[in-house]
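Have the 3D view open as you read.

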Amino acid sequence: MRYAETGFNLEVDLSRGNIERVETDPQLARLHLGGLGTSAKILWDRVPPEIGPFSPDNLLIFSTGLLGGTPAPGANRTIVATISPQTLFMAYSMMGGFFAPELKYAGYDKIVFRGKSPNLVYLWINNDKVEIRDAAHLKGKGSIETAEIIRRELKEPKAQVAAIGLAGENRVFMASIEHGKSSASRLGIGAVMGDKNLKAVAVRGTKDVNVAKPAEYMALCEKVLEYIPIRNSKPVPGVMPILAGLGSPKEMAVHDEKWHTENFSWGNARERRKDFWNAEIEKKWTEAMESVRKRLVSCYNCPMKCGAIISVPGLSTYMMKCFSKLTYTMAAYSDLDFGFKIAQRATEYGVDGFSTPQVMAFALELLKAGILTDADMPGMPADNEGRFYWLLDRIVRREGIGDVLADGTHWAAKRIGKGAEAYAHNNIRKHEQLPLKLSMLNPIYFLMYCTGEKANITQIEGNFPQAPFPTMEERQEFVKDWIQVPHEKFKQYLLEWEPRGEKSMPYYPTIEATCDIVDWQETMHYIDDSLGVCAGLSSFPLKPPYHMHNYPAFISAAAGFDMDQDGLALAARRNRTLVRAVNVRRGLRRADERPPDDHWKKRFPELEAKLLDAYYRFKGWNLDGIPTAESLHELSMDYVAEDLLRRGILAEGGRAPAGTAPAGSKGGMNGGALQ
């Protein structure tokens, strides 16, 4: 008997209309845990770098995690993986809600889609009965509306549905996959789903998920449930509200937006409004939020309430979470009333709530600069909010200038030319980032921005405080019950970190300490994304209930194989290296690893180069950012080294050959933005 995982994947060939239930190798769980790890292995094995995002041979993988669907609180994440049309690298995005547990209860760990359907379809999974159904009647429907229609026609109100909207159908590079209480939004995975003519996936499952040691496992789960209210009753002082407690993050419960509105940049990630927040705005925004927020909601088997049901008069109800509460508001220099209204339409269209507002603000900045003209935007309203609605509608339909903007700021700027590239200033690997602009270089965040394969800082940061506490007394108080650290040295790093003086940024934490801290935070995210556990209870907040000391016991009790802290760290490193290898094989090099030039006002090029050198060595990569044959051997990944050597990406001795192509420069990337 397989424990924790079902031991079966669904393989769906949309071109042929063929569906197979395929048994998986149990050894893969020991090596990669599940979720992101095993999805990366599938992409490595089956999607060579010659395959572009919109090729029929690209895969779209919906995955549960190893602990998904078990009684572990917060073990509900669906990990969706593919090749991104925006970056041309591997994309993976997580969504909460109920989809992954339902898929486990139907008897499957993953759904692997390949090919392209000749017509618009959706997949219906009802335990052992799986069928591809016609979706012609759903063409052009919104993501939420699609889910409602499917549940009605199936006469199955408990079916969990993941769907795309019009943006996905039209292969918009910011297209998301929406699912009730969450979404998989970043890097354009909804565009890949639309390219495959797959409108939705619906699933209903009533089977059991078995764990190896039920009594031991339940005792571990009880400890987590006991810890959560204790932790939340002691919010961390001196940090932003969303980090004071637990959650992913609990933005919808927060009324104090001073930190976000004054530190994040408005418009096209340009202007910090340091004196924006005042009592009058706080009152107005609080009233706006409380008038539309009907209730806070949780994902499957989780006591946290990180999302909210939003009901704006005259509009359909939808779910909102995290910083998307502010993205449209700040991009348009508007208020929460506008943000809540346009977000409803954007959710139905199925677009990423972080990238899309920036793309629209980018277009208006180009208009103001004269790079775009009124002729490019015929019929656009004169008022600012009306312009955002107008641009959103044209982007998701790929009409006129919207067809250019639908590829994101990087590719759009290249097509527009005339100096537009200078306005696409907030990207990493061709992907729009959170509009956070700061003063002094932070060495920890520099490395996380540079090297994170997800190209999304919100999925990398976490357990180590973002800034030093002002006084030694505060630091000492924080470390007293800091049980989550994998090693005592992290406490010392924090105790010595000061706001000013010799042990302050950018030269403290030291290069060695910075590598340790980044590796710890990164490791936790890779564990969560393979186990299927929400980052809000593990890798994102300070002092979470899940950590390196208790995760091994969860894995052992659930899956039935021995796991300790060293083994868990090794599995995370293996998964992280495999994702890196997928991207290296697709052209990723050191030249791509740079944050936006204006992310920090004070930059230190020599220090930044040393940080990158040190981190590459720390991870077992050469100075081009390519995993060495030696480090791959240590991770039981000789098959990767052999492939990189055969392709000439990795030469004998560990370095990349001279003249290796930079990312995105290869010809034949089917589905690239400029084709």
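Let's start in the loop between α1 (27-32) and α2 (35-46), which is where Leu-33 sits. Keep in mind that this is a predicted model. Leu-33 isn't a glycine, yet its phi is positive, at about 75°. Is Leu-33 buried or exposed? With a relative accessible area of 0%, Leu-33 counts as buried, because the cut-off for that label is under 20%.

Asn-127 is another non-glycine residue with a positive phi, here about 55°. Look for Asn-127 in the loop that links β7 (121-126) to β8 (129-134). Asn-127 has a relative accessible area of 15%, so it is buried too.

Here are those two residues side by side.

| Residue | Phi | Relative accessible area |
|---|---|---|
| Leu-33 | about 75° | 0% |
| Asn-127 | about 55° | 15% |

Pro-506 is found in the loop between α19 (489-496) and α20, and a cis peptide bond with omega of about 10° joins Met-505 to Pro-506. Pro-509 lies in the loop between α19 and α20 as well. Tyr-508 and Pro-509 are joined by a cis peptide bond, with omega about 0°.

How do α20 and α23 pack? Helix α20 (residues 511-531) packs against helix α23 (residues 605-619) at an angle of about 55°, and their axes are 10 Å apart. That angle is why α20 is called oblique to α23. The crossing of α20 past α23 is right-handed.

On the α20 side, the contact is made by Ile-511, Thr-514, Cys-515, Asp-516, Val-518, Asp-519 and Glu-522. Their partners in α23 are Leu-607, Lys-610, Leu-611, Ala-614, Tyr-615, Phe-618 and Lys-619. Sort the residues of this contact by type and you get eight nonpolar, one polar and five charged.

Next, the nonpolar interior. In soluble globular proteins, nonpolar side chains tend to be buried together. The largest nonpolar core here has 103 residues, and the members touching the most others are Met-90, Tyr-217, Phe-464, Leu-531, Phe-554 and Leu-644. Which helix gives the most to this core? It's α20, with nine residues.

Zoom in on Phe-554. Leaving out residues up to four places away in sequence, Phe-554 touches Leu-67, Ala-72, Tyr-217, Leu-220, Cys-221, Val-224 and Tyr-546. There's also a second, separate core of 99 residues, with Met-252, Ile-371, Val-396 and Trp-411 among them.

Two more residues round out the tour. Thr-329 is part of helix α11 (residues 324-331), and Thr-329 is buried, with a relative accessible area of 0%. What does Thr-329 touch, not counting residues up to four places away in sequence? The list is Trp-266, Trp-285, Ser-334, Asp-335, Leu-336, Phe-338 and Gly-339. Arg-293 is 36 residues from Thr-329 along the chain, and their C-alpha atoms are separated by 16 Å.

Gly-648 is in the segment after α25 (638-646). Its relative accessibility is 29%, so Gly-648 counts as partly exposed. Gly-648 and Arg-585 are 63 residues apart along the chain, with 10.0 Å between their C-alpha atoms.

Terms used
Residues numbered from 1 in each chain as written. Predicted model: local features only at pLDDT ≥ 70, side-chain atom pairs only at ≥ 80, totals over all residues. Heavy atoms only, no water. Axes fitted to C-alpha atoms, helices over the stretch in contact; angles between N-to-C directions. Helix = DSSP H or I, 4+ residues; strand = E, 2+ residues; numbered from the N terminus. Parallel < 35°, antiparallel > 145°, perpendicular 65-115°, else oblique. Left-handed = near helix turned anticlockwise from the far one by under 90°. Contact = heavy atoms within 4.5 Å. Nonpolar A, V, L, I, M, F, W, Y, C, P; charged D, E, K, R; others polar. Core = buried A, V, L, I, M, F, W, Y, C linked by side-chain atoms within 4.5 Å. Buried < 20%, exposed > 50% of the residue type's maximum accessible area, 1.4 Å probe, protein only.
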